[in-house]
Amino acid sequence: MAEAGFSMVLPLLLLVSVLAGAAAGIDRRLRARDGEGLFWTGLTAFLAVLLTAAWAVTATSAGSAAVGIVVVAGGIGASFWTLRRDRRRRRNRETRQVEAAVTAAATRHREVLARWSAYELDPWLAAEHPQLLDVRTPETRTFIRALKAAEQLRPEAATAAQAAAYTEAVTTLEDSLRRAEEAAGGGRAA
């Protein structure tokens, strides 16, 4: 009789813990607005509740133990699989964001280099704005330093910190070219 009571209490305790874990997981997915993760968390919770109920229904101790082992192993396996998949998805999302940031900064970097090379290669622009080619001018000197810094920080494969540093260096480069153009005579006509 005591064994039958224990075999009914254990599935109920497991059911309560499954429901609490599912509620926490679903809440986290809702806050993150992660639809796919919400689906998998809900499906895992549903299957765990279903198997726990099947465990409670089986009254014999042999059947109860077998279903219990399946429930526990399945729940643990599903949890590890879901967590690993979630980590992989986050890493991939972060990698794509870093790549997008580096690509955007590299595009802006190339645009600044194209603007600057026009002053170096076009004799008319060089004659109109000689200060832009004179490194004795403070603004031009600042631009050259910013140009070197941006070139040194240009990453091949970047971490989030490297991408942020490169983006900041390109922003500084853009600002220094704008200031140098303004100091040289109001900027270049586009």
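Select tryptophan 40 to begin. This residue is partly exposed, because its relative accessible area is 27%; buried means under 20% relative accessible area, exposed over 50%, and partly exposed in between, with a 1.4 Å probe and protein chains only. The model is a predicted one, in which local features need pLDDT of at least 70 and side-chain atom pairs count only at pLDDT 80 or more, while totals for chains, interfaces and linings use all residues. Residues are numbered from 1 along each chain as its sequence is written, and side-chain values use heavy atoms, with hydrogens and water left out.

**Aromatic pairs**

How many aromatic pairs does the structure hold? There are 2. Rings of Phe, Tyr and Trp (its six-membered ring) pair if their centres lie within 6.5 Å; planes under 30 degrees apart count as stacked, over 60 as edge-to-face and the rest as tilted.

Next, select tryptophan 116 and phenylalanine 143. They form a tilted aromatic pair, with 4.5 Å from centre to centre and 45° between the planes. This pair links distant parts of the chain: tryptophan 116 is in helix H3 and phenylalanine 143 in helix H5, 27 residues apart. Helices (H or I, at least four residues) and strands (E, at least two) are DSSP runs, numbered from the N terminus. Are these two residues buried or exposed? Tryptophan 116 is buried, since its relative accessible area is 6%, and phenylalanine 143 counts as buried at 0% relative accessibility.

In soluble globular proteins, nonpolar side chains tend to be buried together.

**Salt bridges**

Stay with helix H6 and select arginine 178 and glutamate 182. They form a salt bridge whose closest N and O atoms are 3.4 Å apart. A salt bridge is a side-chain nitrogen of Lys or Arg within 4 Å of a carboxyl oxygen of Asp or Glu. Both residues lie in helix H6, 4 residues apart, about one turn of the helix. Arginine 178 is partly exposed, with a relative accessible area of 36%, and glutamate 182 is partly exposed at 47%. Now display glutamate 139: its C-alpha atom is separated by 9.3 Å from that of arginine 178, 39 residues apart along the chain.

A search of the whole structure finds 5 salt bridges. Another of them joins the side chains of arginine 136 and aspartate 134 (3.0 Å, N to O). Here arginine 136 counts as exposed at 66% relative accessibility, whereas aspartate 134 counts as partly exposed at 23%. Arginine 154 also forms a salt bridge, with glutamate 151, and the closest N and O atoms are 3.0 Å apart.

**The largest pocket**

Which residues lie nearest the centre of the largest pocket? Select Gly21, Ala22, Thr44, Gly75 and Ser79, which hold that position among the 19 lining residues. On a 1 Å grid over the protein atoms alone, a cavity is a set of points where a 1.4 Å probe fits but cannot get out, and a pocket is an open set with protein on both sides within 12 Å along at least five of seven lines; lining residues have an atom within 4 Å of a point.

Helix H1 (2-32), helix H2 (35-57) and H3 each supply at least two residues of this lining, and the largest share, 8 residues, comes from H3.

**The largest cavity**

Finally, return to tryptophan 40. Trp40 is one of the residues lining the largest cavity, together with Glu36, Gly37, Trp81, Thr82, Arg85, Asp86 and Arg89. H2 and H3 each supply at least two residues of this lining, with the largest share, 5 residues, coming from H3.
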